[in-house]
Amino acid sequence: MMTRRAALLALTLLTPVCTAAAADAPKPDTKVEAGKTTDAFTGEPALLPADSVTQHHLNGIAYTAHAGTLILRGPDGKPTARMFYVSYTKDGVPAGTRPVSYFFNGGPGAATAYLNLGAAGPKALTMPAKDPTDGTHAQLADNPDSWLPVTDMVFIDAVGTGYSRPTDTAKAGDQFYGVKQDASTFAKAIGLWTAANGREASPHYLVGESYGGIRSIQVANALQMEQGILLNGIVMISPAIEMPLLDSDDNPLSAALMMPSLIAAHQSPNVTEKTADEAYQWSLNTYLPKIAGKLPSGSDGQALYAEIAQRTGLPQDVIARQHGIPAIGSHDVMSRDGRLYGLYDFTQSIADPSADGLDESPDPTLFGFGRAYGNAFSGYAANDLGFKTPLTYDLLSFKVNGSWKWSAGGPSPIHQIPVLNRLLALDPGLRVFVANGYYDVACPFATARWMKDHLTVGADRVSLHLYQGGHMLYTRPASRHALSADVASWIQADSRQP
């Protein structure tokens, strides 16, 4: 069973199941006549149009945007899905030596509009400064913090999200909706885009957010083992890495790793890397031993509950009722004084629509302002990129999420640290950049630190970076700028670049 916290997060090697047509070649399964696109198999109008290539400028950089689909095929050669992507490539530079980064979001079930319009793409959706939870008045404009100056970018929507659609929805679960199937699918799509665009010699990077942390590790492994592509680096933004570490209901270690984010939120905006380190040390060395054994009781228990309340700002009576382990997602923890606080940013709040606690309260990010990315992207794709379709851009697919297979042998998720150890050992040039927001209690920053501390290979090639903000730290313009600058320096420091 997934806890409420894990369920909300989720709404953040099998045999390869597909091959694909060349990314930039005419699609053999569609034909274009007088501006109309027709599916060659059915003769019906295609819901996904032909690819669109447009020219743009950003801060003096001329670039080409390509919005289109990759056709995935099964062993019989028949299409199994169309995978939507948008690429941005800088004009006038040798393509073979310029870095290229492949982006995906998480969920499972989230489309890449978040990273495209939120963090790295040439356009950025910015929330109002006076109320960052107000998605109604978000503005789409040129992104001064785009990663385009240092890398070409390819944003790929997982099958069943965005505009990516399976051919047979009845078979999609087995074909695409699982950790291993998904990794093979992305690896194949990346391999084909790379080949079609002559980018074999380019430095290659993966960028994943949330579940994209797990996905990036699995895709890196699939690229290496199935496509023969070695990576220069992986960028993880607010990553989920080991799912058991996100379930504080049954895991004292998870509760201890969540605690520094609660402490940081209470210290906001004065939190620093030093205070975050102090919170981490207290949580692992003092707090964890006290909750890992017998339940705290008597005067010792009250002293612990008082200290937790003082450090986190949570009500002491709530902490006592929950035996020193704040139940993230519970109304008692998430709602205070008529305000509902966010799982994805514990410093942000909205008026609690269920202040009496009788109904389940919606997360402000997941069900509120974060939804603005879907409509903004569909308008951007149609009006700026020339990709017009009657399909709804599926920003968050609960169908994909509910169908997800975490492992081939049962419900337990696959452990990622052994896979990452293997990747770092086999490729001594691989580097990993991890970005976390201080106030994220969905994927707390302490879980990334714990992961690094428990790597047996290549920990010195894993860099951790903390920013003001929560899970979607890039919604804060200052943090988006800092993230862009840090990633640029990290990419440019790659010793394998010419």
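What follows is a short chat about some backbone features of this predicted model.

Q: Why is Ser210 called buried?
A: Buried means under 20% relative accessible area. Ser210 has a relative accessibility of 2%, so it counts as buried.

Q: And what makes the backbone at Ser210 worth a look?
A: Its phi is positive, about 60 degrees, even though Ser210 is not a glycine. You'll find Ser210 in the loop between β12 (204-209) and α5 (212-227).

Q: Why is Asp337 called exposed?
A: The label exposed takes a relative accessible area over 50%. Asp337 comes in at 82%, so it is exposed.

Q: What is phi like at Asp337, and where does this residue sit?
A: Phi of Asp337 is near 55 degrees, which is positive in a residue other than glycine. Asp337 belongs to the loop between β14 (335-336) and β15 (339-341).

Q: What is the omega of the peptide bond from Gly107 to Pro108?
A: Omega there is near -10 degrees, and the bond from Gly107 to Pro108 is cis. As for where to look, Pro108 is in the loop between β7 (100-104) and α2 (113-120).

Q: What about the peptide bond from Ser268 to Pro269: cis or trans?
A: That one is cis, with omega near 0 degrees. Pro269 lies in the loop that runs between α6 (252-267) and α7 (273-292).

Terms used: Residues numbered from 1 in each chain as written. Predicted model: local features only at pLDDT ≥ 70, side-chain atom pairs only at ≥ 80, totals over all residues. Heavy atoms only, no water. Helix = DSSP H or I, 4+ residues; strand = E, 2+ residues; numbered from the N terminus. Buried < 20%, exposed > 50% of the residue type's maximum accessible area, 1.4 Å probe, protein only.
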